[in-house]
Amino acid sequence: MSAKTGVGAPVLRKEDFRFITGKGQYTDDINRQDQAYAYFLRSPHAHANIKKLDISAAQKAPGVLGVLTGDDLAADKIGGLICGWMIHNKDGSPMKAGAHPALAQGKVRYVGDHVAVVIADTYAQAKDAAEKIIVDYQVLPAVVDMNKAKSAGAIHDVAPDNVVYDWHLGDKAATDAAFSKAKHVTKIDLVNNRLIPNAMEPRAAIGDFDSGTGVYTLYTTSQNPHVARLVLSAFVGIAPEHKLRVIAPDVGGGFGSKIFIYAEETVCVWASKKVGRPVKWTADRTEAFLSDAHGRDHISHAELALDDKGKILGLRVKTKANLGAYLSTFSSCVPTYLYAPLLSGQYDIPAIYAEVEGIYTTTAPVDAYRGAGRPEATFLIERIIEKAARETGSDPAMFRRKNFIKSFPHQTPVIMAYDTGNYTASLDLALEMADYKNFAKRKKDSAKNGKLRGIGFSAYIEACGIAPSAAVGSLGAGVGLWESAEIRVNPVGTVEVLTGSHSHGQGHETTFAQLVADRLGIDIDSVAVVHGDTDKVQFGMGTYGSRSGAVGMSAIVKAVDKVIAKGKKVAAYALEAAEKDIQFKDGRFSVAGTDKSLAFGEVALQAYIAHKFNGQDLEPGLKEGAFYDPTNFTFPSGVHICEVEIDPDTGTTDIVKWTAVDDFGNVINPMIVEGQVHGGIAQGVGQALLEGAHYNADGQLVTASYMDYTMPRADDLPSFDVGMTNTPCTTNPLGIKGCGEAGAIAAPPAVINAITDAVGHEDVPMPATPYAVWQACQKGARKLAAE
Amino acid sequence: MYAFNYHAPKTVRQAATLLAKNEEGKVLAGGQTLLPTMKQRLASPSALIDLNHAEGMTGIEQKGRNIVIGAMTRHVEVATSAVVKNAIPGLAALAEGIGDAAVRNRGTIGGSIANNDPAADYPSAALALNATIITNKRKITADEFFQGMFATALEEGEIIVKVSFPIPSKAAYEKFPNPASRYALVGVFVAKKGSDVRVAVTGAGSNGVFRSKECEAALASRFNAKALDGVKVAASGLNADMHASADYRAHLIPVMAKRAVEKATAK
Amino acid sequence: MASVTLTVNGKQVTATVDPRTLLAQFLRENLHLTGTHVGCDTSQCGACVVHVNGRAVKSCTTLAVSCDGASVTTIEGIGTPDNLHPMQTAFRENHGLQCGFCTPGMIMSAIDIVNRKGNKLDEHTIREELEGNICRCTGYHNIVKAVAQGAAAMK
């Protein structure tokens, strides 16, 4: 075991070789013999009844194997798509979830909703035939504006006012009492802009039914193939789990959007039996824009109560969350349990009360997108903290420092019990790295050049590795949130690690191998990581919410410990010593106080040949599994500082310096962790400066391609200064907290706080495009002139 | 994409004949706009007449006081041409800023001008430099050529063969890109030749490229960035969309013009 | 249908194709060179970048028939795991990729930048030249480092 590949080393990635040489195997790279192609006819209207659907001409078109509709789904008793988290209203009644058929049954509810599928020999034939389908739509009013949704007409009959739920968290009376004592109250209204995830690999699926065995195989772009299988079996009813294999091969990014079980893969796997051929579908980018679950989209009002010394007394928040036209797989929990429990941020806030209304609109479903609820909470708390500091004439860093939680564990008024952290340490390092003390001089220099310079802070908290299962179950989750692992040691001592986590860019093949090689004292090249196939891995919950390190790797070490324990038993027989005298260190089992020892591989061989022990006393073989259910969330935190320079003539914002100091607990591979930070920041900057999904009043998605939806490009971003101050997590065996979402959570308020600092007022929307910032500059100039 | 018949003529004459025969046909040059449009099924030509194999349509040369560029010359060739850089550096710089590197390797000057996209860069240079568009049938001045959004003076069966740019004494282009598409939100090409000052604006006008009378008037007496101080451009007739209001575009025109003049007059 | 002859990664191929076949489709479906990816429909993401006659082009915005007679190089043609191109090595050594989907186009564009701009590339130039390649994972930080190192190593 060399230090170069151990835990904590920046090991280069094992998986890179196939990706840099074009040998990756993404879903669309897979072709099944005799496969046919699916094309989905989508609704051009935001909201309409389907009066008539005539597929007869399409059925007769060249190459067509089948045209399937919602009626066919119903006839086959295929169930609708589900939302896996039950939220209860303030009065205890359950949320109002409308049906979500994979193909429309009488009504369409957003532009891009699935009307019918055409399956043909070629994709072009399927698309040509779809143009021959005649749909008679009775167009209904679009519901786009959340503030007007209640009286806009029902999208689903079960929710006449389009309110899915009216939920709350915290102690209202205690919060009201805190406000009654306040010396100063800071108020803010915020819109958290709607985003479209845009993993570079569009979603894709191949359904393949084997009539010989009765087994369906689904190749799909999934972050959690086992959950997909569970939902498609138990709820949608395609086939029982043992007759359905889900394979998520190389997946080109997810960011949440590939957690969910969508209409297209459901239809492909079902249709493969209907047409008797494998059925392939690959989204084009426009389809991705229209039908991937979107993210964020909140309107909030918040108030922060302060005492005369600038200490926070209480926080109240009222949020409207857009859930789109249907409840996507985990949509309901994102603006509730993944949002409000984070509203305490890094601050000691004695009383918090949050109310959230989930609203149906005739737009694409909204669900978890990198950060999922936590960016929305962080944006709110970090914007109002910044505003409160400005209103009370305090330095924003000092104001935060004064209000930081300083002793741990800390119980917030909104569920969370933070186990550990050191917020002052990350702030101190960030201030130093950002050269905060000389900012005033830099601002002056910019002004000389006609530029506006601003600096913005974001002291964020995250909650990763959502858990424990019993707790999330009591809050309405339909699943447990543990993770599984299996360590298969081969007779020659090489190791396969089977994990329920799924890698779609996170580098698990490297970090997981690093961890196992380190623990077993073997070469990293002797370890292979297997994931993404329900026939290989027994079960797993997949990768999202930055859980693969804290939960997935904890399951792995649990299984590794079992392997070592079994190895000790084998070694005891092989070395003719008592089991209690066997020690395992640096890849060798040795007898304490002697020079007798066996290498890990030699013990593996002994376990398999089973010559030295009796099969009744000890089972042959060396393979162990583990399920790990955490006792708590983990709480990564950090401070990001963004410094901008604005050209008031054009409104262009240039990020001149980005400082990120994060506390992720223990780190397995700092190279990969830093990469996650960079990517997260880019998505957060994207939200703050560039990206915004825009539906017009008719419910048409105006930003349905890269011509109008601004993706962050290389020249939009700076390089990032990344630092770490790590305090190990106390609630998992590795001390890991998680790093996947931190940047996306931290970045937006840092950017907007910097821009509002530069322009001298708070009225800057996200995304702060040049046009928006130019308007803000005009307003700032008017304000100055008036003063 | 809908199906189409494909033709790869070897000469401009053959191309013109094919174009005449295929009423619903279209000419394919670099394809960087046409192909995405066809992929989205927003265009359905019956035939594509591909000029990529036609002879004599590429190349850059100085002819007297003009730079003459073959219609199938790729943007990268114009951007890196020593002849263009020497005679009209502003034109080379414009070409260097079209689309991205891969688009510049494929896209052509003829295709860009024939398409007359209201947010394309080349039309502004052609109009400001008072270029002559040479077709298989005739010569057309830029003033006559551009006739509004996606509309040009090209007639049925007419193909651009060359574009001739008179060499100005000073010229430069400044673009404020749409943050998403990177097309011009406002692009301003300024050119001075003798006492003639022309300022052409792309991206902003709801009817395609146009000349800014306000900027030209200010620069006519003094071709200097300061001359544009306080110049206001009217917002009427300008585009408004989610990326920019007409007011913002109107504001950006003199700002970009000023920056272009600074570039043009920099030593 | 139309006939097309290309030299792809040094090997000559001739095929009869529907004229609407894009070069990206031809490479992926006819030649099974699936390293060239398609990430958008508007010619912006750059996942499909290959070299045609030595220049980077977006193969999703180029007809296969239009390239008749051309020499095409794809990600599969520049190096193998045992014999990587210096730009491939640089992407790996700098962690310039995460999910890997944009990577083939990124690497092909990066080599094109070096071919046009030389071996010494500053950060600003690299960022501007990568305008036509979108990555959603890396935030570009490590891609920029990789391109600079790869450029120097291509000398």
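**Entry 1: chain B, domain 1 against domain 2**

I looked up the area buried between domain 1 of chain B and domain 2 of chain B, and found about 1,000 Å². Carbon and sulfur atoms give 70% of that area. I note that this is a predicted model.

I then asked which three residues of domain 1 supply more of its buried area than any other three. They are V12(B), Q32(B) and N52(B), and they supply 38% of what domain 1 of chain B buries against domain 2 of chain B.

The domain assignment of chain B gives domain 1 as 5-53, domain 2 as 60-166 and domain 3 as 170-265. The centres of domain 1 and domain 2 of chain B, taken over C-alpha atoms, are separated by 19 Å. In contact across this boundary I found 12 residues of domain 1 of chain B and 14 residues of domain 2 of chain B.

Next I searched the interface of these two domains of chain B for salt bridges and got 0. For polar contacts the count between them is 1 residue pair, both residues at pLDDT 80 or more.

I also wanted to know which element gives the most to the side of domain 1 of chain B that touches domain 2. It is helix 1 of chain B, residues 12-21, with 4 residues. By class, that side of domain 1 of chain B has 7 nonpolar, 4 polar and 1 charged residues.

**Entry 2: chain C, domain 1 against domain 2**

I turned to chain C, where the domain assignment gives domain 1 (2-76) and domain 2 (86-153). Their C-alpha centres lie 21 Å apart. I found 17 residues of domain 1 of chain C in contact with 14 residues of domain 2 of chain C.

The two domains of chain C bury about 1,100 Å² between them, with 61% of it on carbon and sulfur atoms. On the domain 1 side, H37(C), H51(C) and I75(C) supply 41% of the area buried against domain 2 of chain C, more than any other three residues.

How many salt bridges does the rule find across this interface of domain 1 and domain 2 of chain C? I got 0. For polar contacts across the interface of these domains of chain C, the rule finds 7 residue pairs, both residues at pLDDT 80 or more.

I listed the elements that give two or more residues to the side of domain 1 of chain C that touches domain 2: strand 3 (49-52) and strand 4 (55-58) of chain C. Strand 4 of chain C has the largest share, 3 residues. I sorted the residues of that side of domain 1 of chain C into 6 nonpolar, 9 polar and 2 charged.

Terms used. Residues are numbered from 1 along each chain as its sequence is written. Chains are lettered from A and ligands numbered from 1 in the order in which they are written. This is a predicted model: local features need pLDDT of at least 70, side-chain atom pairs count only at pLDDT 80 or more; totals for chains, interfaces and linings use all residues. Side-chain values use heavy atoms; hydrogens and water are left out. Domain bounds come from an automatic or database domain assignment. Contact means heavy atoms within 4.5 Å. Buried area is the accessible area (1.4 Å probe) that two parts lose on being put together, summed over both. A salt bridge is a side-chain nitrogen of Lys or Arg within 4 Å of a carboxyl oxygen of Asp or Glu. A polar contact is a pair of N or O atoms within 3.5 Å; within protein, one must be able to donate a hydrogen and the other to accept it, and residues adjacent in sequence count only if both atoms are side-chain atoms. Ala, Val, Leu, Ile, Met, Phe, Trp, Tyr, Cys and Pro count as nonpolar, Asp, Glu, Lys and Arg as charged, and the others, Gly among them, as polar.
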